[in-house]
Structure formats: C-alpha cells, structure tokens
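Welcome! Take a look at it first, and then read on.

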Amino acid sequence: MTTNRYLADVAITCDQNFTVIRDAAIDVNEGRITSIGPQSEAPPHQGTVHDLGGLVMPGLVNSHAHTPMTLVRGAGDGLPLLEWLTKVMWPREGQMTPEDVLWGMRLGASEMLRAGVTSTCEMYLFEESVVEASTEAGIRLVMTPGIISALHADDFGSTDGRLATITEFHKHYHDPERGVTVGFGPHSAYDLPLEFCAEVAAAARDLDALLHIHVCETQAEGMDLESANDGRSTVQLLAENGVLDGRVIAAHSVWLNDADIETYAHHDVSVAHCPVSNMKLGSGVAAVRAMRSRGIEVGLGTDGPASNDDLDLWQEIKFAPLLARVVATDAAAMSPRDALWMATSEGARAVGNRDVGTLESGQRADFIRVNLDDPTFVPVTSTDELIAHLAWSGSGRHVTDVWVGGEQVVADRQCLRIDVERAMAEVQTRGLRLASDSGT
Ligand SMILES: [Zn+2]
C-alpha cells in the first residue's frame with residue numbers, strides 16, 4: 001500500500017472549525033486523505049514524500065456552471081437576460097454539435113483546474129461530451145443534463161423523451177468513484193411548465209439524484225407565471241408542485257422574499273450564489289446572509305462563461321463578501337472565512353458531494369497548492385491575515401498544482417491532461433462558426 005505524503009508550510013482545512021495547520025503533513029492513499037496534521041505529529045511513513053512548501057487547501061467547488069459556453073464567451077454583452085438568452089445564446093447553442101461541446105468543455109475544464117477548481121456542477125446539453133471532456137481533464141463533475149424548452153423542439157424530440165434520456169444517462173454514467181455524479185437540470189419554472197418540472201423532480205427523487213434549477217435570477221422573469229397563479233411566488237409554486245421535495249440546488253435565488261427563504265430552509269434546498277454573473281447581467285443581489293443564517297447551504301458559482309466571463313472562482317470568493325457588505329453597509333456582513341467555506345466545504349455539500357471540500361481524514365484527496373511567495377501575500381502577522389489575503393487577493397494565478405482524487409492534474413500551472421493550446425484554437429474556430437451560422 002503506497003501512501004504519498006505531502007508537506008506544506010500551511011494547510012487551510014476549511015473544516016467546521018476552519019482549522020489551520022502550520023508545517024502540515026497530508027497522507028493520501030487510494031485517492032483519499034488518510035491523515036492530516038502537523039509534521040511533528042505525523043504517523044510513521046513508508047511511501048514517497050513531496051515537499052510542496054506554500055499553502056495547501058481543498059480544491060474549489062463551482063456549484064453552478066454551463067462550462068461549454070466557453071464557445072459563446074462574451075457574446076451579447078449588455079442585453080437583458082431574456083433577450084440575451086433568446087436572441088444570442090439559444091440561437092448559437094442551437095447550432096452546437098457534440099464535438100463543439102467536447103472542445104468547449106475541454107477548454108473550460110482546463111481553465112477551472114488551473115484556477116484550482118476541482119469540482120464543477122454543470123447544467124448543459126450534450127451530457128456525454130461534458131462527461132468525456134471532464135473525465136479526460138480530471139475534474140470532478142456533477143452533471144445535470146439540461147432541459148430547455150426552446151432547444152428540444154426538433155433535435156432532441158419532446159421534453160418527455162428528454163426525461164427518459166436523462167434517466168438512462170444516469171444509469172450509465174453516475175459513478176462517484178470515477179468522479180461523476182448525475183442529476184437533472186430543468187432550466188427554470190419560467191421556461192418549462194410547472195407540471196413538467198414536477199415530473200422531472202419525481203424522476204430525480206426516484207434516483208436520489210440532484211435537481212439543479214435556476215430560480216428567480218431576475219426580477220421580471222417570473223411575472224407571467226406568478227400572475228397566472230394568483231400572485232403566488234415562483235418558490236411557493238415550485239414547493240406546491242413538489243419540485244423542492246428531493247435534493248435540490250437552486251441557482252441564483254436573487255428575488256426571494258422572506259417566506260421563500262423559509263420554504264428553502266424547510267425543504268433543505270441549497271443555493272448556488274453567482275455574484276459575478278448577477279452583477280454582470282444586472283440581475284440583483286441574493287440575500288445570502290439571510291439564507292445562511294436560516295441554515296441554507298450556499299455554494300459559489302461562476303455561472304456560464306458567457307455571463308462572467310471567466311471560470312476563476314476566486315473572483316466569486318472576493319465578490320460574494322464585497323456584494324454582501326455593500327448591500328448591508330456593514331463590513332462584518334460576510335467574512336473571508338465565510339467566502340472560503342462557500343467555495344469549498346459548503347459548496348461541496350450544496351452540490352451533494354459531502355466527501356470533498358475539506359482536508360480531513362477520510363475525505364477524497366481534492367486539494368490545491370497556492371504559492372505564497374507573492375507580493376499580495378505579504379506581510380502576514382497573524383493567521384487571520386493569511387486567511388484574509390487568501391480570500392481578498394487569491395486568484396487562479398496563485399494556484400500552481402492541483403490534485404483530484406489524489407492524482408495530480410495540474411503541475412507548475414500546466415494542465416497535465418489537456419492540450420490547452422489546441423483547445424483554444426478549436427474553440428476559436430468553432431465559436432466563429434456558431435456566430436456566423438446563427439446570424440447573431
Ligand atoms: Zn445558469
């Protein structure tokens with residue numbers, strides 16, 4: 001039994017107590033952490049020792065993304081959400097082939113891994129391509145195949161057929177040991193009939209699978225639905241239709257009232273907070289503080305690279321507390337620890353992967369090395385300052401090495417498994433084709 005031991009100047013565990021270990025030793029065997037603690041207390045060791053120096057922490061968890069949208073990155077800037085979706089995004093996406101999505105995901109997965117994102121929760125079409133590219137790159141994937149009314153008219157058959165397809169897909173691809181879990185991704189209650197959302201939710205519950213849905217991203221999106229239902233809120237309608245009864249992650253959840261937040265808490269709904277996307281699209285500010293104080297688990301998400309535009313989750317680590325503070329006019333509204341928790345352990349729980357997101361014995365060995373030899377990490381006069389530097393100044397460029405399930409997938413900032421140059425060239429060519437073929 002070969003164990004790898006990793007030594008670091010400091011390990012931020014992101015566990016419940018936010019334990020920080022100086023001169024840490026982390027032992028990894030068969031993809032899991034078998035021991036973590038100060039080097040002086042480490043158990044006897046037989047295998048290889050890797051002296052990493054620097055800071056080691058759990059890999060980041062992107063709790064809401066549509067990563068193959070690297071193919072349409074930046075398109076339609078400045079349009080309101082509905083127009084942006086219907087006039088630019090969906091026409092271009094309607095032209096995509098499985099091969100396009102494969103390249104879009106290869107590029108996006110490599111971008112995330114290089115930024116230290118080791119898990120991603122994806123809502124997208126062409127799910128086989130997303131799985132193939134993710135497995136190839138070595139990123140942990142929560143795949144929730146998307147269901148969008150506009151895109152299933154001809155290419156995919158009816159939405160009912162889509163539900164059967166996803167159930168079948170779950171049978172073949174759901175394999176947490178291989179780093180892939182499968183859920184269901186109905187786009188939203190404004191795009192799909194409530195009764196159909198209820199059917200999807202029932203199918204997800206039957207498989208104990210995650211339901212991943214956009215909820216109340218913008219103020220106007222739910223107006224038609226709500227006025228057709230005696231003014232009851234979207235969240236209330238989802239709850240009444242049983243959509244929130246299983247394991248649910250609700251992306252955005254910006255326009256919630258107090259009763260909606262109670263409903264989430266009651267149904268144990270978790271939330272993917274996407275502050276950069278919400279700011280870029282002018283959507284509004286989610287009441288993250290209120291939700292978390294009610295025990296709702298909130299992860300951080302980049303959303304698709306068309307509404308961000310990059311996949312470096314460190315920006316969300318910075319902007320989530322900035323936004324919370326600016327809205328509350330209170331510098332104590334959200335701490336650097338809160339932001340780092342949401343990007344790691346809380347985000348992992350939010351997407352249903354409880355065995356990643358912390359550095360603790362028994363957890364899967366998804367971890368990253370952050371280079372502390374950088375002007376933005378100087379000076380450090382206390383542990384709290386180090387944590388503050390990490391949250392406020394940390395970025396993908398500080399991440400040098402990345403392991404997923406104990407296997408190194410980024411070394412010295414280079415992706416070991418994806419030819420990034422080639423992926424960039426492919427996405428460039430394919431992105432041009434999508435723009436011209438869709439006439440957008
Ligand atoms: Zn989204």
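How many helices and strands does the secondary structure of the chain come to? The answer is 15 helices and 18 strands, where helices (H or I, at least four residues) and strands (E, at least two) are DSSP runs numbered from the N terminus. This is a predicted model, in which local features need pLDDT of at least 70 and side-chain atom pairs count only at pLDDT 80 or more, while totals for chains, interfaces and linings use all residues. Residues are numbered from 1 along each chain as its sequence is written.

**The whole chain**
- The C-alpha trace spans about 65 × 45 × 40 Å along its principal axes.
- Buried residues (20 or more other C-beta atoms within 10 Å of their own, with C-beta atoms placed from the backbone) make up 52% of the 440 residues.

**Strand E8 and its cover**
- In strand E8 (residues 140-147), 8 of 8 residues are buried.
- Both faces are covered, with Arg140, Val142, Thr144 and Gly146 on one side and Leu141, Met143, Pro145 and Ile147 on the other.

**The partners of E8**
- Strand E7 (residues 117-124) pairs with E8 in the parallel sense over 6 bridges; two strands pair if DSSP finds at least two bridges between them.
- Cys121 has Val142 in E8 as its bridge partner.
- E8 also pairs in the parallel sense with strand E9 (residues 180-182), over 3 bridges, and Met143 stands opposite Val182 in E9.
- With strand E10 (residues 185-186), E8 forms a parallel pairing over 2 bridges, where Ile147 stands opposite Pro186.

How values were computed. A residue is buried if 20 or more other C-beta atoms lie within 10 Å of its own, exposed if 12 or fewer, and partly exposed in between; C-beta atoms are placed from the backbone.
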